[in-house]
Amino acid sequence: MISAQDLIEKITSAATCDDCIVVVRDKTQANLRWAASTLTTNGVIQERNVTVIAFVAMDGGMASGGVTRTDVSLTDIPRLLEEAIAAAKAAGIADDYAPLATNVSIGDWAADHVPTGPEVFSQFAPALGDMFSRSVSDSIELFGYSEHTSETTWIGSKGGLRLRKDSPVGRVEMTAKSHGRSRSTWSGVETRDFSDVSVADIDAHVRQRLDWQGNKIELPAGRYDTILPSGSVADIFTYMMWVSNARDAHEGQSVFSKKGGGTRVGEKLSNVSLQFFSDPEFKLLPAANFVGTAVSSPFSSVFDNGQAIKRVDWLKDGVLQSLIQTRATAKLTNLDFTPIGENLIMSVDGASGSLEDLVKKVDNGLLLTTFWYIRMVDPNSLLLTGLTRDGVYHVKGGEVVGATNNFRWNDSPVSALGRIAHAGSTQWTQPREWAGDITNMAVPPLVIKDFNMSTVSPGN
Amino acid sequence: MNKTVDADFLALPLTAVSDAAISTAKSAGASHVDVRIERTRNGLLSLRDARPETQSDETNAGLGVRVIVNGAWGFASSPEISVDVAKKLALTAVAMAKTSKPLSTELVSLVTEPIYADKTWVSDYEIDPFSVSDSEKKDRLADLSNRLLKSGSVNHSSAHTMFVKEQKHYADSYGTSTTQQRVRIQTQIEAISIGAGGFESMRTLAQPAGFGWEWMGNKHWNWDAEIEELPSLLAEKVAAPSVEPGRYDVLMHPSNLWLTIHESIGHATELDRAIGYEANYAGTSFATPDKLNTLQYGSKLMNVTGDRSTPHGLSTVGYDDEGVAAQQWDIIKDGVLVGYQLDRRIAARVNRDRSNGCAFADSPAHVPIQRMPNVSLQPNPTGPTYEEMVESMDDGIIIKGDKSWSIDMQRYNFQFTGQQFHRVKNGKIVGQLKDVAYQATTTDFWGSMKVVGGPSTYVLGGAFNCGKAQPGQIAAVSHGCPAAIFDKVNILNTVAEAGK
């Protein structure tokens, strides 16, 4: 297979259009999946995507059009360019047009992709096998998934962009069930290379939670002070980011639209001094410091490729500070250009401590394990619905007193921002529902007052 | 009708590559080998206020080799399709199986299937959407959008169309080899109204289906009629009263009911879920195998089938991704659970003789797993027309179109919304409602189904991107259903749920 760098040079030098950006993504992955304490599937995956974006000047602006193919050879190049140019001409002048960056170089352009493979599990897999054996002995069933992915993206252009980024990341998810599957819990761990994954810690965690479920307490639907682990916080605030594009807000189509026109930027949304930001300099969660996208959407523009990404405060001291912008929407909304970053960090000033520390601060409430099946019900308020999953615990007097039933909930993360009773320390976390999409998020566990548990769910 | 696989796919070294993978893996100790050479092309065009916003044209091609060695799976894939790569992947898959063996306490076996050699199957479509120019597609969506925007009640519009051409060559170590091509499309147009109290939207009810670009004419779906009435329906919804929560009789239009079928029946009757294979991710099912032939899933009017053969169905194929021929079977008969969805491994796991052909992988980089066939609620052959159903209601709500959906991990508790909510009193539609959601437990809901519409009310709905498995896979699936009336459904007010 031709190298990504050679391919980009060949395509950009053959391009006859006004500019041409080529995005090559090489991905390798190894994965293991198990159920009932036995492996069910596995895989060693290699993927390549080559996107050619043609830019064609037109009276009053510029058009763009792109095609993405898998294994591109040198003989494919003329046809690819022809298809991209045709797509651009068909689209006409782009609403997201802004002058293209030129001559920007970031990252080690010449270096090869560093592949991952099953060897990344060399210590983890035997430890997992031992955990399987222990679980069988103790009548615990284990279900889960681990993957390690290495992804390298090169972005080159006729105008001299030479950008490269690497994203190695992995995760382990473990669901444990016991007592005829009447008890169920979950644990998720993010990792860069599996060297820091402790199967013993996962084992201890799920066993503690299964023990907590020995005492069952039925609770009705209602509003509860609810302790959200960091993964659940990540799940619902990811959703909030997905509706945070500036154009929607500006045009009145978002929870961040101001009644009567404009956006809610500048409005205090949280009752605490909460910071929510993206920052390529945040060391725990490495992220690219440039815009790199293969397709225009409400969240990003191919015209912005190569633009610098710096820290963006989405919420600062609890006040809505920024919405996701392209340069074109920044002009439209008369706000700063604040592109979406590759990481998300939330913190509450003065907050510290673990999830267990938060439990001690709650007099009467619920401790969740995860959320599940989260969907938007009303975009005006960003009302979301979803379920609790794999363990809901009743907390009284600062202690877990037993496990209760699952609930369907209806609540809004925007509304929840104004009902934060307590917060813990910020930690790199794994969402449950969006684990496959969101790998670069650090948030604290939170206690939300009066979280709306709408009905009891018999699901277990 | 197109009945041939594209020549440029057939020109790939399909047989040489699959033969190389099979012989190499067998020589290395594999007792089973299957090979998929795939090329899937996905097109997307989105317009905002009748102007292009997102355009993509993406092809995902490659080769996947799956083996069983000493009762353990191994899998490897590559985007390169060549004999050399096939041999390499075969050895990698065998090595992966051997590495996995210590973690595999269950010996994998597959049920048998007749051998189908050199079979070709092509779905029923007329116009390859990739043969239509980008300009023509854009112009069609822009025209439909502009008709909405001309209305005083519509402030903004969005339109998108997704179209897919999927080509697969499958071969296995028993001698089956199939080459297939299928096409599908989904188009949705939405009108948005901005008011002092917020914004409201309404989307077309057109369903995704196994058609080509002919879907965008007016022959198979009356776009002109739907676009013409959308602004006035939206204006009526904006002015409509907010629903009073409580229990109502509900007439579910097929454009809404298909999704309830998908979530509460389709996923619940996947046998791999029911026995726990998805317990960490998609979830399990309340419909466990011990309840087969005894579980009263719904009222006696309820008859649900699974199939991979419905014309224009999104899950319709000639052969599945394990070389099993397409079939049709009962899942729920007279309200009782009588069948499941199976692949060859799950069928063997529960001592069945044969798979019903539900294996599917969405990419050469992913292993085939049990995915949903077309799961459909059958109409009552002598049932009423839609108009007769409306006239039969004293006091209720009609729900049309899908919007928000959510269900728990055992497929008990669900909550759905819709696009349109029409109030019915004394057999007549008296206006719309807004802020409506319905919430129920699966068996209670289906147990309350008291009228099933006749064949004239039957519509094939469906989903383009149903998710399952880790690493995540998507699949397209159809659900046919008639209109049906449900007794005393729990209706929520979504504004009240938000605490407003």
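Predicted model: local features only at pLDDT ≥ 70, side-chain atom pairs only at ≥ 80, totals over all residues.
Q: How are two packed helices described?
A: Two values are used, the angle between the axes and the distance between the axes. In chain A, take helix α3 (residues 124-137) and helix α4 (residues 199-212): their axes come within 9 Å and cross at roughly 30 degrees.

Q: What does that angle make α3(A) and α4(A) to each other?
A: Angles under 35 degrees count as roughly parallel. α3(A) and α4(A) are therefore roughly parallel to each other. Their crossing is right-handed.

Q: Which residues make the contact of α3(A) and α4(A)?
A: α3(A) contributes Phe124(A), Ala127(A), Leu128(A), Met131(A), Arg134(A) and Ser135(A). From α4(A) come Val199(A), Ile202(A), Asp203(A), Val206(A) and Arg207(A). Sorted by class, the contact has seven nonpolar, one polar and three charged residues.

Q: Where do the axes of a helix of chain A and a helix of chain B come within 8 Å?
A: Helix α2 (residues 77-91) of chain A and helix α4 (residues 134-149) of chain B do so, with axes that cross at roughly 30 degrees. That makes α2(A) roughly parallel to α4(B). The crossing of this pair is right-handed. On the chain A side the contact is made by Ala86(A), Ala87(A), Ala90(A) and Ala91(A), and on the chain B side by Asp134(B), Ser135(B) and Lys138(B).

Q: How many residues does each chain give to the contact of chain A with chain B?
A: Chain A gives 87 residues and chain B gives 78 residues. Between them the two chains bury about 6,800 Å², with 49% of it on carbon and sulfur atoms.

Q: Which three residues supply more of the area that chain A buries against chain B than any other three?
A: They are Arg33(A), Asn42(A) and Tyr373(A), which supply 10% of that area.

Q: How many salt bridges does the rule find across the interface of chain A and chain B?
A: For a salt bridge, a side-chain nitrogen of Lys or Arg must lie within 4 Å of a carboxyl oxygen of Asp or Glu. By this rule there are five across the interface of chain A and chain B, and the count over all chains comes to 59.

Q: What is the distance between the closest N and O atoms of Arg69(A) and Asp57(B)?
A: The closest N and O atoms are 3.2 Å apart, and the two residues form a salt bridge. This pair crosses between chains: Arg69(A) is in strand β3 (residues 61-69) of chain A, and Asp57(B) is in strand β2 (residues 51-69) of chain B.

Notes:
Residues numbered from 1 in each chain as written. Chains lettered and ligands numbered in written order. Heavy atoms only, no water. Axes fitted to C-alpha atoms, helices over the stretch in contact; angles between N-to-C directions. Helix = DSSP H or I, 4+ residues; strand = E, 2+ residues; numbered from the N terminus. Parallel < 35°, antiparallel > 145°, perpendicular 65-115°, else oblique. Left-handed = near helix turned anticlockwise from the far one by under 90°. Contact = heavy atoms within 4.5 Å. Nonpolar A, V, L, I, M, F, W, Y, C, P; charged D, E, K, R; others polar. Buried area = accessible area lost by both parts, 1.4 Å probe.
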